[in-house]
Amino acid sequence: MTDAENRRSERARSEGARPAGEGSTGDDLEFRAMEANDADLKLFHDCFVANGSPRSIAMLRWQYFTPPAGPLLVNLAITNTPDARLAAIYAVFPVYMRAGGKRVLAVQSLNTLTDVAFRGRGLFISMATALYERAAKIGVELVYGFPNGNSAHGIFKRLQWDSLDPLPVLIRPLRTGYVLRKVRAGFLARFFDFPLTFASSPKLASGLEFRTVRNFDDALSELWNVFATSVGFAIERDAQYLAWRLQRPGESYECFALYEHDQPIGLAIIGSTMSSDGSRVGKLMDYYFLPTHTFAGELVVAEAMHRLKARGCGVVWAWNFEHSANHAALRASGFFTMSAKLQGAEGHVGARAFTSLANIGDRKQWYISMLDSDTA
């Protein structure tokens with residue numbers, strides 16, 4: 001190797017990325033960790049735009065520069081040319097999770113991309129492996145995520161993730177028009193688009209009230225802690241995390257809680273988006289309640305349906321495992337499992353431990369919701 005190549009190889013090793021020349025990567029690329037500056041953010045942004053999957057600068061800045069759990073963990077492969085551009089990205093962002101009864105640092109894998117001109121060279125696997133090694137050295141204990149159909153094989157087979165499939169997608173139609181479009185009778189939806197439910201706001205007993213949440217406090221953190229006592233693996237939904245998560249650019253989330261004499265006993269987070277056919281889709285991002293107050297779960301779901309119907313949503317989506325403590329209230333409210341065929345895009349869920357975390361591959365140990373997927 002030349003002196004320049006030796007320096008480049010040593011820099012890559014020190015930053016946790018696989019150096020050029022190893023495996024099938026070649027010497028035309030520089031491998032390094034992403035830095036928290038506008039120049040690297042623009043490289044990241046431009047790579048996704050060039051490959052037909054644009055992300056906003058505001059979204060990327062929020063995802064990678066501001067998460068409360070801390071470190072920036074993104075590996076870049078950059079062309080050694082005067083007009084340097086990204087050839088590949090492997091990106092994760094940090095979160096705190098409960099895992100086997102303790103609070104650990106974890107990362108979610110997303111926004112991974114290899115430029116079309118550099119595919120077939122093993123960059124995805126080599127860069128992910130290097131990033132996992134770097135993450136483990138700073139105390140990250142696991143990686144998890146929601147691979148799409150393109151990356152699932154590499155994630156599960158070559159990166160040794162445990163599959164937690166199937167992704168538990170639930171649906172609650174609110175209008176006939178949505179159902180008719182899904183069964184390819186969309187022409188009828190123009191004439192037979194009727195509400196399937198009144199979805200009125202539930203009547204509350206004395207001492208109960210719904211409050212819109214704009215500031216998250218210790219009482220709301222404790223609500224999650226009590227609900228999740230028996231959960232094996234889940235993102236910690238404490239006040240700090242929720243305050244960050246609900247600031248996602250481009251979203252209009254709404255959080256409300258059910259209070260009993262100034263004590264929160266249930267909470268829900270909702271959102272909505274426009275589908276490709278121009279109809280509005282509701283998202284029940286998450287909801288939970290005190291285990292001793294199961295009625296609170298039914299009430300916050302009913303209120304969520306009322307508020308999403310008021311937004312003009314024809315359907316509401318949710319993610320929720322069948323073993324979760326809050327699953328029954330979803331079923332009682334009319335949610336049912338969405339078939340993979342009707343979901344459209346192929347989705348998966350999985351995780352991998354970097355330390356000796358027992359039961360990480362046991363689906364029944366996990367709690368997830370749409371709040372866990374930053375691309376939801």
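Three cavities of 30 Å³ or more are present in the structure, a cavity being a set of points on a 1 Å grid over the protein atoms alone where a 1.4 Å probe fits but cannot get out. The model is predicted, with local features requiring pLDDT of at least 70 and side-chain atom pairs pLDDT 80 or more, whereas totals for chains, interfaces and linings use all residues. Residues are numbered from 1 along each chain as its sequence is written, and side-chain values use heavy atoms, without hydrogens and water.

The largest cavity has a volume of about 60 Å³, taken as the space filled by probe spheres set on points joined across faces, edges and corners. Its lining (residues with an atom within 4 Å of a point) includes Pro-68, Tyr-96, Arg-103, Glu-236 and Tyr-241. Strand 3 (86-99) and helix 9 (239-245) each give two or more residues to this lining; strand 3 gives the most, with three. Strands (E, at least two residues) and helices (H or I, at least four) are DSSP runs, numbered from the N terminus.

Arg-98 lies in strand 3 and is buried, with a relative accessible area of 12%, buried meaning under 20% (1.4 Å probe, protein chains only). The side chains of Arg-98 and Glu-236 are joined by a polar contact of 3.2 Å, that is, a pair of N or O atoms within 3.5 Å, one able to donate a hydrogen and the other to accept it.

The largest nonpolar core has 96 residues, and Leu-142, Leu-284, Met-305 and Trp-366 have the most contacts inside it. Such a core is a set of buried Ala, Val, Leu, Ile, Met, Phe, Trp, Tyr and Cys residues joined through side-chain atoms within 4.5 Å.

Terms used: On a 1 Å grid over the protein atoms alone, a cavity is a set of points where a 1.4 Å probe fits but cannot get out, and a pocket is an open set with protein on both sides within 12 Å along at least five of seven lines; lining residues have an atom within 4 Å of a point. Buried means under 20% relative accessible area, exposed over 50%, partly exposed in between (1.4 Å probe, protein chains only).
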